[in-house]
Amino acid sequence: MNRIEKRLEELKQENKKAFITYTTAGLPDLQTTAKLIFAQEEAGADILEIGVPFSDPVADGPVIQNASYQAIQKGTTLTKIFDMVEGVRKEKCEVPIVFMMYYNTVYHYGLDAFAARCIECGVDGLIIPDLPFEEQGELKAVLAKNEASPILIQLVSPVSKQRVPMLLENARGFVYCVSQMGVTGKGANFHKDIREYLAAVKQTSAIPVMVGFGIRTAKDIEPFEDIVDGAIVGSNLLRILEESNYSVDAVKEYVSGFKKELNENK
Amino acid sequence: MSNTYYGEFGGQFVSESLMNTLAELEKAFDEAIKDPKFIADYNYYLKEYVGRETPLYFAERLSEKYGTKIYLKREDLNHTGAHKINNVIGQILLAKRMGKTKVIAETGAGQHGVATATGAALFNMECTVYMGAEDIERQRLNVFRMEMLGAKVCPVTTGSSTLKDATNEAIRTWAERAEDTFYIIGSAVGPHPYPKMVKEFQKIISVEAKKQILEKEGRLPDVVTACVGGGSNSIGMFADFIDEPSVRLVGVEAGGLGVETGKHASAMALGKVGVLHGMKTYLLQDDNGNIELAHSISAGLDYPGVGPEHAYLRDTGRAEYVSVTDTEAMEALLELCKLEGIIPAIESAHALAYTFKMAKNMKKDDIIVVCLSGRGDKDVHTVEKYLNGEETNK
């Protein structure tokens, strides 16, 4: 069973919400990224998004843009990130790992080779923000060849509306609900109809519904925490990492604190 | 879905939050171009405001020197000095029709930014132009022009601080504010329906040129040529000739210091297929799939991709794409000044430079039509630096 689906099923049994984090790979280097993966797994993060840096990250705000730029400058590549993930899997890391990346990186690597290497290394899911539903056919056909392939996570936006049933029809893993219009990391200025929007998605969805973009603390999701199954934090974690000089302890504290609060609120 | 593509090129590689926006835009565009009132408005402003039609000028002295008939389609005589305004008028009329009150645009050299700021002033729209900090430095005069016209110029300091980054920032802003904001893309790039729209609003160039050459020569030209950055003037120049198989179509990319040096902007010369700015097309990219910086003395051609229809025309063999170097373009620019008394934009000089090369293999009565996409007033400072042997781009 795919690690994402397995983990989310466990949470459902325990009646708990998921905490999903994002970190850009290669900051300040890939050894540190590997350490952070273990630290977050230990601290209770349920799913880890690993950002594969791209030169032109159009879905991202300044924090992740800058992180991507720095990571590329340090020589971080998809090939090296695969090796790093393969390495942590060998050391018994079992936390679900999702690549957050742009389609050109996948396309350039070659779809078949990419899917095969994901399976080899134990990559469980893919989030590709510039690959909307209508453009997913080519990649889905490749992923469908092997049942161990990573899950292509579907993103939903506050203006998806009539598109939601189409987006969710064959969706697996979880649904990634974008909390606001625009890019990542802009704070908790959620879309004005956030509750109605999330409730509509939740009603349509057969799989867990997560919300991301602009979330910093567990408190941020209070206005709709009764509706969703978990929260995703990216830019804020990168900020904490940078401010603490990539301290493993600071990250552990943040992750365990968020996870605890997320499941205390209810 | 397939109608968003030109062969394997094009598509809509944007975030989910823009998919409904693109669908609305496509619907509005398809309705508008079938509406006689909309077309009448577009033609009215092109005639009365832009100053169309532009002449198809027989360049007598050039023709004599190169031994073949050379005609120049004078897009440089448009209001604001280039073909860019044709498309801006079309898109801004569409924006108004859709009830948008704000427009945003990206710009490299500043020509599309100036055209957009002009259109926004004319139609009383709030206008923000995204421009790389590096380009703002290189094109101060155009920044000032945009500001005089009432636009806000927003410096972009991410990535390489040039056109591709300005485009990224415009896309990000658009994703956030699409409800009241229309994104006016200046080149034949971006997600569907942008390449189609830009072609529609630039095809006036070839519609006029075809009529004019038939009046003057009683026959179609042998060759039609234009420079290609993203490809807006060239797609406009090719549009009405694509279905005329006897007409050879030649697009000229910027070869920079030479394609073999790696410092160039010829996306189709060595480019690999990839995805950027909402489209699948030929792109300059490195071994890891990151987008590489384009390099050209001409800021308007300094783009690492190319419009998807050009990629398709190349692969089907309907059009051929070549490149000329910075030096060849500058020599052609100076020659046009001296022989015809016309100062062309450096962009347009690329098409001229290749015209001179082609002319050697052509007969006296053969006809070449060159799109003179813009005038060179904006470039005199670069020309001065070039003549003084100073560095003209990073």
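This is a predicted model: local features need pLDDT of at least 70, side-chain atom pairs count only at pLDDT 80 or more; totals for chains, interfaces and linings use all residues.
User: What radius of gyration does chain B have?

Analyst: The radius is taken over C-alpha atoms, and the globule rule is 2.2 Å times the number of residues to the power 0.38. With 394 residues, a compact globule would come out near 21 Å, and chain B agrees with that. Its C-alpha trace spans about 55 × 50 × 40 Å along the principal axes. The radius of gyration of chain B is 19 Å.

User: What percentage of chain B's residues count as buried?

Analyst: Buried means under 20% relative accessible area, exposed means over 50%, and partly exposed is in between (1.4 Å probe, protein chains only). Chain B exposes about 14,100 Å², with carbon and sulfur atoms supplying 50% of it (Shrake-Rupley method, 1.4 Å probe; for residues, only the protein chains shown count as cover). Of the 394 residues, the buried share is 65%.

User: How many helices and strands are there in chain B?

Analyst: Both are DSSP runs numbered from the N terminus: helices are H or I with at least four residues, strands are E with at least two. By that count, chain B has 15 helices and 14 strands.

User: Which residue of chain B does UniProt list as "modified residue: N6-(pyridoxal phosphate)lysine"?

Analyst: The listing comes from an unreviewed entry; UniProt positions use the numbering here, feature names are shortened, and annotations may be inferred rather than shown by experiment. The residue is found in helix H4 (residues 84-97) of chain B. Leaving aside neighbours within four places in sequence, its contacts (heavy atoms within 4.5 Å) include His112(B), Gly186(B) and Ser232(B).

User: Is Lys84(B) buried or exposed?

Analyst: The relative accessible area of Lys84(B) is 16%, so the cut-off puts it on the covered side. Lys37(B), in helix H2 (residues 36-50) of chain B, has 53% and is therefore exposed. Lys84(B) is buried.

User: How many residues of helix H11 (residues 232-239) of chain B are buried?

Analyst: This helix is largely enclosed by the rest of the structure. Among its buried residues are Ser232(B), Ile235(B), Met237(B) and Phe238(B). The count is 8 of the 8.

User: Which residue is the bridge partner of Arg74(B) in strand S14 of chain B?

Analyst: S14(B) (residues 367-372) is mostly covered, with 6 of its 6 residues buried. Ile367(B), Val369(B) and Cys371(B) point one way, and Ile368(B), Val370(B) and Leu372(B) the other. The partner of Arg74(B) is Leu372(B).

User: In chain A, what order do the 9 strands of the open sheet take?

Analyst: The pairing is parallel, and the edge strands, S5 (151-152) and S6 (154-156), each pair on one side only. Strand S7 (residues 175-178) of chain A is joined to S8(A) by 4 bridges, while S8(A) and strand S9 (residues 230-233) of chain A share 2. The order is S5-S4-S3-S2-S1-S9-S8-S7-S6.

User: What handedness does the β-α-β unit of S7(A), helix H9 and S8(A) have?

Analyst: With the strands pointing away from the viewer, a clockwise path from the first strand over the helix to the second counts as right-handed. The helix here is H9 (residues 194-204) of chain A, and the unit is right-handed.

Notes
Residues are numbered from 1 along each chain as its sequence is written. Chains are lettered from A and ligands numbered from 1 in the order in which they are written. Side-chain values use heavy atoms; hydrogens and water are left out. Two strands pair if DSSP finds at least two bridges between them.
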